[in-house]
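Student: I've got a new structure open and I'm a bit lost. Can you walk me through it?

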Amino acid sequence: MTPTQPPPFPPPEPSRAPGAGDGGGHAHGHGHSHGHSHGHGPAAPVSQHLRKVIAAILIPFAAAVLIGLAVLWPGGAPAHERTGVGFDRQTQHATVTKVVELSCQSVNASGGVPTGDTSTAEGSSAQQQADGTCKRATIRVDTGDDKGRTFDEIVQPDQSRQLSEGQKVVVAYEPSAPEDLQYSVTDVNRRFPLALLAGIFALAVVAVGRLRGVMALVALAISFLVLNFFILPAILQGSNPLVVAVVGASVIMLIALYLCHGLSARTSVAVLGTLISLLLIGVLGSVFIGWAALTGDTDDNTGLIHGLYPEIDMSGLLLAGVIIGSLGVLDDVTVTQTSAVWELHEANPSTGWRGLYRAGIRIGRDHIASVVNTLVLAYAGAALPLLLLFSIAQSSMGTIANSELVAEEIVRTLIGSIGLVASVPVTTALAALVVSADRPAAQAGAQGHGPARTQRAGQAPDARPATGRGGRGRRRKR
């Protein structure tokens, strides 16, 4: 009878409408049992008992995070006298108004004629400065008390940054220097291209992700706020960097995951998996950073921080960086694994937790391979100039790996990777246990609806289109 009906789905609806059991049939057709329970919203397929168990774990954790946030909240970064070194100097915005070419000999006359081996970097630079064509750039200060003031700067031919007329630059200001040397060009003003790129990124996220994309951007903004107004000032104020990083990372994790993925059991499982993995990263980091005697003071910037704030534990700062740096990738892995297990359960609700775990871990292995490779390549790309220097020096791999500068990155990469690898089985097991715990109830509900539908429709085949209709309803909701 069913194949002869032109519209296969609408006819059964009127036939059930007058029946006594319509309330249950109508609710099922609109996803009362399956459509809502398997969706991405709050009504995940988890019983009230399991919800209470998850809440009993996460609510005290969230309360502890809030208490830590209140206790460690800084009053602001402590003031200090500017050193005039690196980032710790006064800067203003300026514009290059004129550029004139002239002979380098006329501006480097006091240096004399260079002599020596021109094959060396110093000799080659001196020769270029003597024989090449230099530039005299006139720069106008656009901000600050000296707005409108101009000064000249000589650009050597071997400088990596060449100035051009109309270019926006950043100038450093040193009030204690002689008047004609108070200002100097320190960088290019990149605000407009960076802002444009950020706008393109935001539009792409919203265009593809829609509401979830908007929520992701809001979560990103909140992460920056937590970093700038809590984590950094609290560390500068003298709080333990590890404790600050744990509290700050927990705040970011809770806000970002629940804001982007909804307040549901599925998201809560991802939060638990992320929390356990972060705990593992913290323990491993503490052990191996101490064992390898990594100080965290490996470049000019960390040296400047240590000089300005000697009370900051630099090795703790290194560990804090490992935890915060691993958080973003951990969120991706745990959410993906949790969603995979939920979808597998929806595709076959009769699968037990062992079957769900085995299927989920097969997906996770592919994820592990790609994420670990991405993490290693990201660190290698960031350290590419350093690796080139080691290559030029023809140092052995053992010597390179043993240097603190490289050993720090090795420890950071491996600890983060171990945490990522561990998050896959941990999160998959948690998700499989939670989602399969409701399997008997789900089956009972299906059996309760199944015979009723059969009796109302009068034929067993009509139950199958109703199930298919519910399945399509679920997909449309997502």
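Student: Let's start with the strands. In β3, which residue is the bridge partner of Ala-137?
Tutor: Glu-153 in β3 is the bridge partner of Ala-137. One caution: this is a predicted model, where local features need pLDDT of at least 70, side-chain atom pairs count only at pLDDT 80 or more, and totals for chains, interfaces and linings use all residues. Residues are numbered from 1 along each chain as its sequence is written, and side-chain values use heavy atoms, with hydrogens and water left out.

Student: And what stands opposite Thr-138?
Tutor: Asp-152 in β3 does.

Student: How many bridges join β2 to β3?
Tutor: Six, and β2 (residues 133-141) and β3 run antiparallel. Two strands pair if DSSP finds at least two bridges between them. Strands here are DSSP runs of E with at least two residues, while helices are runs of H or I with at least four, numbered from the N terminus.

Student: What about β1 and β2, how many bridges there?
Tutor: Nine, again in the antiparallel sense, with β1 covering residues 90-103. One of the partners is Thr-133 in β2, which pairs with Ser-103.

Student: What's the strand order in the sheet?
Tutor: The order is β3-β2-β1-β4-β5. The sheet is open, has five strands and pairs antiparallel.

Student: Which strands stand at the edges?
Tutor: β3 (150-155) and β5 (183-188). Each has a single partner strand, so one side of each is left without a neighbour in the sheet.

Student: What does the twist average from one strand to the next?
Tutor: It averages 45°.

Student: Where do side chains in a regular strand go?
Tutor: They alternate between the two faces of the sheet.

Student: Switching topic. How many disulfides does a search of the whole structure find?
Tutor: One. It joins Cys-104 to Cys-134, with S to S at 1.9 Å. A disulfide means a pair of cysteine sulfur atoms within 2.5 Å.

Student: Is that link left-handed or right-handed?
Tutor: Right-handed, with 110° about the S-S bond.

Student: What does the pair tie together?
Tutor: Cys-104 lies in helix α4 (residues 104-107) and Cys-134 in strand β2, so the link ties parts that are 30 residues apart in sequence.

Student: Now helices. How do α3 and α8 pack?
Tutor: Helix α3 (residues 48-72) and helix α8 (residues 265-291) pack at about 60°, with their axes 11 Å apart. Axes are lines fitted to C-alpha atoms, for helices over the stretch in contact, and angles run from 0 to 180 degrees between N-to-C directions.

Student: What do you call that arrangement of α3 and α8?
Tutor: α3 and α8 are therefore oblique. Under 35 degrees is roughly parallel, over 145 roughly antiparallel, 65 to 115 roughly perpendicular, and the rest oblique.

Student: Which residues meet there?
Tutor: Ile-54, Ile-57, Leu-58 and Phe-61 in α3 meet Ala-265, Ser-268, Val-271, Leu-272 and Leu-275 in α8. Contact means heavy atoms within 4.5 Å.

Student: How do the residues of that contact divide?
Tutor: Eight nonpolar, one polar and no charged. Ala, Val, Leu, Ile, Met, Phe, Trp, Tyr, Cys and Pro count as nonpolar, Asp, Glu, Lys and Arg as charged, and the others, Gly among them, as polar.

Student: And how do α10 and α11 cross?
Tutor: The axes of α10 (residues 314-347) and α11 come within 10 Å and cross at roughly 155°. That makes α10 roughly antiparallel to α11.

Student: What about α11 and α12, what's their angle?
Tutor: About 70°, with the axes of α11 (residues 353-382) and α12 (residues 384-392) 4 Å apart. α11 and α12 are therefore roughly perpendicular.
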